[in-house]
Amino acid sequence: MQNKQATKRVRSLSFGLERIGLLSLHYPILMVVLLTAITVAAFFGIQRLKVDDSLSELFHSDTPEFHTYETLSSRFPSSEYDVLIVITGKTLLERSSLEALRDLVLELQFVDGMSGEVSLFSAREAPEPGKIPGPVVPAELPTGKAYDDLIQQVRDNQIIKGKLLSDDGTLTLILLALDRETVASKGLEHVVTQIHDTAAQILGPTGLEMKLSGAPVMQLEIRNAVKHDRDLYNALGFLFGAIIAYAFFRRFSLMVIAAMPPIIAIVWSLGLFGWLGFKLNLFLNVMIPLIMVLGFSDSMQLTVATRDRMLSGKSRLDASRYALLVVGPACVLSSTTAAASFIALFFSSSALIRTFGFAGALSTLLAFLICITVVPLLTRLLIAHDHKFATDMARDNKAMEVLKGGCAKLAGFVIKRPVVIMALGIFAVVTLGAIYTNLPPRYRLADQVPDQEQAVAASAELDKKLTGANPLHVMIDWPDDMSLYDPEVLRVIGEVHQAVQSEPDVGNVWSIETLRRWLAETGEDTPQKLKEYVDILPGYLTQRFINPEAHSAVVTGRVPDIDVSNLLPVIEKLEKRLDVVRKYNPQFTMQVTGLSAIAARNSASMISNLNMGLTTEIAFICLFLGLVFRSWLVVVVSVVPILFPVFSAGAMLALSGEGLQFASIVALIVAFGLSLNATVHYLNRLRLETREGEDPSIGVERATVLIGPALVLTSVILAFGLGVTVLSALPSLRLFGKLAALTLIAALVGDLVLLPACVLVIRRMMAKLRGGGSAETEKANA
């Protein structure tokens, strides 16, 4: 009677959604046709999937800062679309090396998609009146002392020094401006590969080292890593889940029943993403293992319940119906809480993270729908001869019995010392929570790019010897009634250039002011002479800094790839320098922009907002569980086990010095939602195993033994399914996998140790306060 009442209550609160699975038992052929048709449509959707490798998508938002960045990209297309060739070596300035470098610069002009290049061979001698200055490096290299003098002249040249050549003469930089339309038609991989192969072939005999960096190269590396990870996660995640399922079920049919729903869920979800126009990116790529673990979680619960019922002598149809009506409501609730966990991502200002949240919520609902229909369908179709099947399972039940025995011992351990365990749990939550709340937000561009590839290594070289690889821009707009060559406009550009150049942490500063200062060396820096030289220079070079039609110019410097906590003060100091210029030139607008500036300004607030969303989500979920189970006791006993895994992961971040990053906070939000799966299933089973007038420890022990094995199996599969991302080439995804796995394992400890201890302590305290209380009231608060 007690079980019946409990089942009814949970079922009513799940709105009877678990009964969808009964359709598979009553109309198996119809369900096979329907599922097959949807799966075929999903395969067509998968063909529409594309990869989004944009470095700025994380910060894409409807904010003035991002709109300014978009304006910069449209006015100055090459501003953040350069390929940087970083060439290093001790023999860099030897004659043979310099000749090879010149040959390389010539050959690169024939690469598909090339619109221009800047190198030390672009530099010109100081101008002379009435003459067009020749190149600093002549076509015919001198020999002997004349060559040594030439090298010294190159190293002292103000355009080359510290911008295109390091002070120690062991690193040079070649900037290649790409035409976006050509790259789009030819393919980014084709263009970058052609650049790399051309440089490797020409520089190979010299012994010089060459690496590529810049936004196009990083985009290509991200794209390749995303494609590689997608295949790797699918293979390893499914393989591990199937092995675990077979090891404990010892039946191929049961393994298929447990493993098939996540496979179908992956196909359906990716197909839906394709039809909705979603693009795979460094966050959405996590959806593959995430979908797998969502599918495995509920399918394992239903399969274990069906198996246990068949072992008790029931037919496969009766056992499957029992699993749907008893475990199914908990699957509904766990899927609801998992979907709700993604709601916190909806409030991010980042379009990428909002899309991830939307995709996660959709995938959670799809995984539930597939699981609740496919598991009973496969049970009916794959299992025959019920009695013989049950007899064979009973004979090969050693692994599951061992797991049940371990859960029984764990339950006995908790029952003997619930007060101590609860006290230790509270102490751990308070201590770890204090660490978690003091975690600083962190963001580096290098964390979003494969760190074992050439782009990050090349950027590190530039950070070390040329002040940085990441561009930082100041875009200047002037009134429509003024022209670029008005003395006032040139003066303001010069003052902005000086402000940027005066900032110690910004180097390699370029603008039209660079050309004006070069002309000033011979006193020919008049606006008319400047215009003459601008007209002589190739368009791809001048378009990097001026757009007369838009009444706009840009001053560009480069900064190292440092954490935003260190970069933001640099930008703030630059803004203060610019405020002085703004004060005396109110008719001009000067805006600091670029990906580095957006990241520095917005990443900390975005991470903090996500963290606040997680806090709100935890409070909401605790109240939601209390509402679902109609018990304030559930709210009280859930707090410690729910907070423990989140704060444990935060403590690990503090110990490793990684801080709160986008990947870490998203991992905590997602893993928290998934870990609630075990909490819901345990509370559901505990309610079913409660007996009127019985010592609560008996119900706790029964619940732990019955639900414990399934929780252990699903948690291990969940942890490994997300943990495989530690094999990713992307640092952010490795961090995601590490945190997700740790959170899920800590959640298992919370659900099998802390949760039953809290239940026992609170219920015994209530019994004492009530002087024994009525059995009916006790039952209602189970």
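These are my entries, going from the whole chain down to single residues.

**Ground rules.** I'm working with a predicted model, where local features need pLDDT of at least 70 and side-chain atom pairs count only at pLDDT 80 or more, while totals for chains, interfaces and linings use all residues. Residues are numbered from 1 along each chain as its sequence is written, and side-chain values use heavy atoms, with hydrogens and water left out.

**Whole chain.** I looked up the secondary structure and found 28 helices and 11 strands in the protein chain. Helices here are DSSP runs of H or I with at least four residues, strands are runs of E with at least two, and both are numbered from the N terminus. Along the principal axes, the C-alpha atoms fill a box of roughly 105 × 55 × 50 Å.

Next I checked burial: of the 782 residues in the protein chain, 59% are buried. Buried means under 20% relative accessible area, exposed means over 50%, and partly exposed is in between (1.4 Å probe, protein chains only).

I also looked at contacts (heavy atoms within 4.5 Å). Among those with a separation of 6 or more, 82% join residues 24 or more positions apart.

**Surface and charge.** The accessible surface is about 30,800 Å², and carbon and sulfur atoms hold 61% of that. The areas come from the Shrake-Rupley method with a 1.4 Å probe, and for residues only the protein chains shown count as cover.

For charges, I noted 69 positive and 73 negative side chains, with the centres of the two sets 15 Å apart. Lys and Arg count as positive, Asp and Glu as negative, and His and the chain ends are not counted. Each charge is placed at NZ of Lys, CZ of Arg, CG of Asp or CD of Glu.

**A nonpolar patch.** I found Leu276, Ile343, Phe346, Phe347 and Phe358 forming a nonpolar patch on the surface, with about 500 Å² of accessible area together. Patch residues have over 30% relative accessible area and no salt bridge; nonpolar side chains (Val, Leu, Ile, Met, Phe, Trp, Tyr) are joined within 5 Å, like charges within 9 Å. Leu276 sits in helix α10 (residues 252-276) and is partly exposed at 43%.

**Salt bridges.** How many salt bridges does the structure hold? I got 27, each being a side-chain nitrogen of Lys or Arg within 4 Å of a carboxyl oxygen of Asp or Glu.

I picked out Asp168 and Lys465, whose closest N and O atoms are 3.3 Å apart. Asp168 is in the loop between α6 (144-156) and β4 (171-178) and Lys465 is in helix α17 (residues 454-465), so this pair ties together parts 297 residues apart in sequence. Asp168 is partly exposed at 41%, and Lys465 is partly exposed at 28%.

Lys529 and Glu532 pair up too, at 3.4 Å between the closest N and O atoms. Both lie in helix α20 (residues 527-536), 3 residues apart, about one turn of the helix. Glu532 is partly exposed at 42%.

Then I followed Arg582 to Glu575, with closest N and O atoms 2.9 Å apart. Arg582 is partly exposed at 21%, whereas Glu575 is buried at 19%.

**One last residue.** Is Ser697 buried or exposed? Ser697 is buried, at 9% relative accessibility, and lies in helix α26 (residues 696-723). Leaving out residues up to four places away in sequence, Ser697 touches Ile415, Leu760 and Arg764.
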